[in-house]
Amino acid sequence: MFSATSVDLDQLNPEQRQAVEHVHGPALVLAGAGSGKTRVLTTRIAHLVLEHGVPPDRILAVTFTNKAAGEMRERIGGLLGGAPRGMWVGTFHALGARILRRHAHRLGWTNEFSIFDAEQSLRQVKRAEEEVDIDPKKWSPKAVRSEMSAAKNSLIGPERFIRENEGSFDLFVRTVSRVYPVYQSQLKAQNAFDFDDLLVKPVELFNTHPEILDGYRKRFAFLLVDEYQDTNHAQFRFLELLAEGHENLMVVGDDDQSIYGWRGADIRNILGFESTFEGARVIRLEQNYRSSAVILNAANAVIAQNRDRKGKTLRTDRDGGEKITRVECFDERDEARWIADEIERRYEHGPGLHNYRDFAILYRTNAQSRAMEDAFRQKGLPYQIVGGVRFYERREIQDVLAYLRLISNPADGDAFERCVNTPKRGIGATSVERLKTFAAQRELSLLEAAAVATESSDVPSGGARQLEKFAELIRGLSARAVKMRVGDILEELIDATDFYMALRDEGPEGDDRVENVKELVAGAFEFDVELIEELEADDLDGFSELDLFLQRVALVADIDRVDPDADTVTFMTLHNAKGLEYPVVFIAGLEDGLFPLSRAYDEPAEMEEERRLFYVGVTRAKDKLFLTHARQRRRAGDFMFGRLSPFAESVPEELVDEIRTPVLNASAGSTPHRRRRGERGRDGFQTDGGYVEVEEAPADPDAPRYVKGERVAHPQFGSGSIVEISGFGKDTKVTVDFDGVGRKKLLIRYADLEKDWF
């Protein structure tokens, strides 16, 4: 059947070999980062087939991605010398669908059921809300769907959800309890499942039809599961039911890399495995084949601070290694430029680094990619973003840019259609379609027609009134845009439309979208500085700042996508980095409140997950790791002054070289600075020991001189406290709460403020 007759185990280390040679009974393989877990899984399957005569169709292997499933099947085939026909390998969702195709009729569906994707299920939630007289504009369908998804993944059906929540003081969950049963009945009426049902319904099938469960238990004598730390309760129960009896269940995972609690993963599944499956064998894979000793020592020190973990210590045969470099930067633009410069330098001069694909930049939130993209475009360095679209292609960014395009060019019909009902303002598709007809009849642009929409007898009256209000908003901003800063236009627009509130109502991902829009605002406020640096008077003649900003953005947005096989630097969030590795890794934005996120301080479990996420980032690096942080970071129109992340501080000092960027050194004034040993100066070189006195460059006149909370004195208004800082350079503004006259917004260069020392 197979050309291979045995599996070579001599290439395995002792712990890997123990896992491969394990046959009967439950086993937990704690596979540290870079410890060769895929080799263990595939080799064990081949060993079961060739050495113990287990037919491939008696084996079930579960992965978390379709790509991983394909790679696993291919590697097993290579070890066997033939395709493992009959073996089930796939994701939980794929396996669930496969089971339901056979037995859906036992649950009241037919076997020809449909699977609703995210957008289809979202529309169904909206219909369910409308059926029970719940306003989707008030109760976001995304938020409702998210709550129902969490319930399903916890195996809480509609009836139980109603029992537990119909008397709740929480109005939102009471609302969901009305929608959930209607939504589920509508799915059934359409012979459809959503993605969560593909996990839940097989468990329901097994619980209600024990004869079917018994058949699958007999069919699959051996179960293997990858990335077990990412399982939710429904997935756990699915495995528990199948394994009951023979308990030939081997799960492979790393509790230190459990980073998906926010989407339902339950770390208790892996931490409590031995309690659930008595007598389970625990094997620790601690030999790392990826990173240097320096990087692993840092990772071990960081993760040791977590309490909820099984405990393991990664080790390597690669002694020593280059120290971790911790870089203090002036702001996010300085951070991005320094990283781009360092990559360029190492690409051109670094030993063995001749490919841009050797470098990765990791960050906590998607919004951080904007400054990186700007820096790389300016230097002409190739990059790609993994796990998401480019910054300016994101939906919420395109929505805001549509407003700006319409403000700049009132004849832009495409922009009008995109933003006319975003956020929702009661202008439906019927109103827009009838407005188009009215505009064509009058030979007006859509915006011009919207301004007189009540004159049309065909446009519904409610929609017509909202159209006129919308036109008034755009026309007012358009008239003022000639003299306004782009950042000021955006802030006024966002306030007038309650844009942030609308995004937050979308559910868990809403906060991330808000951060993206704030990053766009930050870029708009920076644009006036870029005009000074890059453009001459002739470039500005006849154009508003808004016109030039949109031109810049359009050129960026139209750049062709980078070929995924091209030699490019990789940008990605830390969540997307799990499972990957790079010779050189930069973890950017290591400021307290950004990473870890501020909300993590409210819950110890969230803080531990944030620390695990940092651990994942550190262990992506093979040879060199950089940790960068900014002294100040612009969030929307404000400067946020932050301290170094406690995660970065927890890396042992003997493993770290600390440096400051040339821009930060230049902004420090002319006071002599005692440079630490190994710190890189403005010339790009490091000292070889001891301390040296360095005369720093004069202070940057555009550097902010004040911080939030600072006490200041004004010759006319008296003493007060700074509550807000916005703008940049000579256009920096402060908002001050004065003790006697209240709040005032002042331009610093004209305010004549002094520090109030009393």
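Guide: Start with burial: a residue is called buried under 20% relative accessible area, exposed over 50%, and partly exposed in between. Keep in mind that this is a predicted model. Asp133 has a relative accessible area of 71%, so Asp133 is exposed. Glu247 is partly exposed, at 27%.

Visitor: How many residues does the chain have, and what share of them counts as buried?

Guide: The chain has 758 residues, and 55% of them count as buried. Its secondary structure comes to 31 helices and 24 strands. Of the contacts between residues at least 6 apart in sequence, 71% join residues at least 24 apart.

Visitor: What can be said about the phi of Asp133?

Guide: The general idea comes first. Most residues other than glycine have a negative phi, and most peptide bonds are trans. Asp133 is not a glycine, yet its phi is positive, near 60 degrees. Asp133 lies in the loop between helix H5 (118-131) and helix H6 (141-153). Glu247 also has a positive phi, about 55 degrees, and is found in the loop between helix H11 (233-243) and strand S7 (249-253).

Visitor: Now the strands. In what order do the seven strands of the open sheet come?

Guide: Strands of a sheet pair through backbone hydrogen bonds, either parallel or antiparallel. Here the seven strands run in the order S11-S12-S10-S13-S14-S9-S17, with parallel pairing.

Visitor: Why is one side of S11 and of S17 left without a neighbour in the sheet?

Guide: Strand S11 (383-385) and strand S17 (656-660) are at the edges and have a single partner strand each, so one side of each has no neighbour in the sheet. From one strand to the next, the twist averages 20 degrees. Within the sheet, strand S10 (residues 359-363) and S13 are joined by four bridges in the parallel sense. Ala360 has Val585, in S13, as its bridge partner. Helix H16 (residues 369-379) packs on the sheet and touches S10, S11 and strand S12 (569-573). The direction of H16 makes about 160 degrees with that of S11.

Visitor: What do S2, helix H3 and S3 make?

Guide: Together, S2, helix H3 (residues 66-80) and S3 make a right-handed β-α-β unit. The parallel strands S2 (residues 59-63) and S3 (residues 88-91) are joined by four bridges. Thr63 has Thr91, in S3, as its bridge partner.

Visitor: Is helix H14 mostly covered or mostly open, and how many of its residues are buried?

Guide: An α-helix has 3.6 residues a turn, so residues three or four places apart point the same way. Helix H14 (residues 293-303) is mostly covered, with nine of its 11 residues buried. Among them are Val294, Leu296, Ala298 and Ile303. The cover over these buried residues includes strand S9 (324-329), helix H28 (604-618), S14 and helix H29 (646-649).

Visitor: How many aromatic pairs are there?

Guide: The whole structure holds 24 aromatic pairs. Tyr260 and Trp262 form a tilted one, 6.2 Å centre to centre with 55 degrees between the planes. Tyr260 is buried at 11% relative accessible area, whereas Trp262 is exposed at 54%.

Visitor: Why is the pair of Phe586 and Phe626 called stacked?

Guide: Planes under 30 degrees apart count as stacked. The planes of Phe586 and Phe626 are at 5 degrees, with ring centres 4.5 Å apart, so this pair is stacked. The pair links distant parts of the chain, 40 residues apart: Phe586 is in strand S13 (residues 582-587) and Phe626 in strand S14 (residues 621-630). Phe586 is buried at 0% relative accessibility, and Phe626 is buried at 1%.

Visitor: What sits over the ring of Tyr260?

Guide: The charged end of Arg263 does, 3.8 Å from the ring centre. Lys518 lies over the face of Tyr500, 5.6 Å from the centre of that ring.

Key. Residues are numbered from 1 along each chain as its sequence is written. This is a predicted model: local features need pLDDT of at least 70, side-chain atom pairs count only at pLDDT 80 or more; totals for chains, interfaces and linings use all residues. Side-chain values use heavy atoms; hydrogens and water are left out. Rings of Phe, Tyr and Trp (its six-membered ring) pair if their centres lie within 6.5 Å; planes under 30 degrees apart count as stacked, over 60 as edge-to-face and the rest as tilted. Buried means under 20% relative accessible area, exposed over 50%, partly exposed in between (1.4 Å probe, protein chains only). Helices (H or I, at least four residues) and strands (E, at least two) are DSSP runs, numbered from the N terminus. A charge sits over a ring if NZ of Lys or CZ of Arg is within 6 Å of the ring centre and within 35 degrees of the ring normal. Two strands pair if DSSP finds at least two bridges between them. A crossover is right-handed if, with the strands pointing away from the viewer, the path from the first strand over the helix to the second runs clockwise. Axes are lines fitted to C-alpha atoms, for helices over the stretch in contact, and angles run from 0 to 180 degrees between N-to-C directions. Contact means heavy atoms within 4.5 Å.
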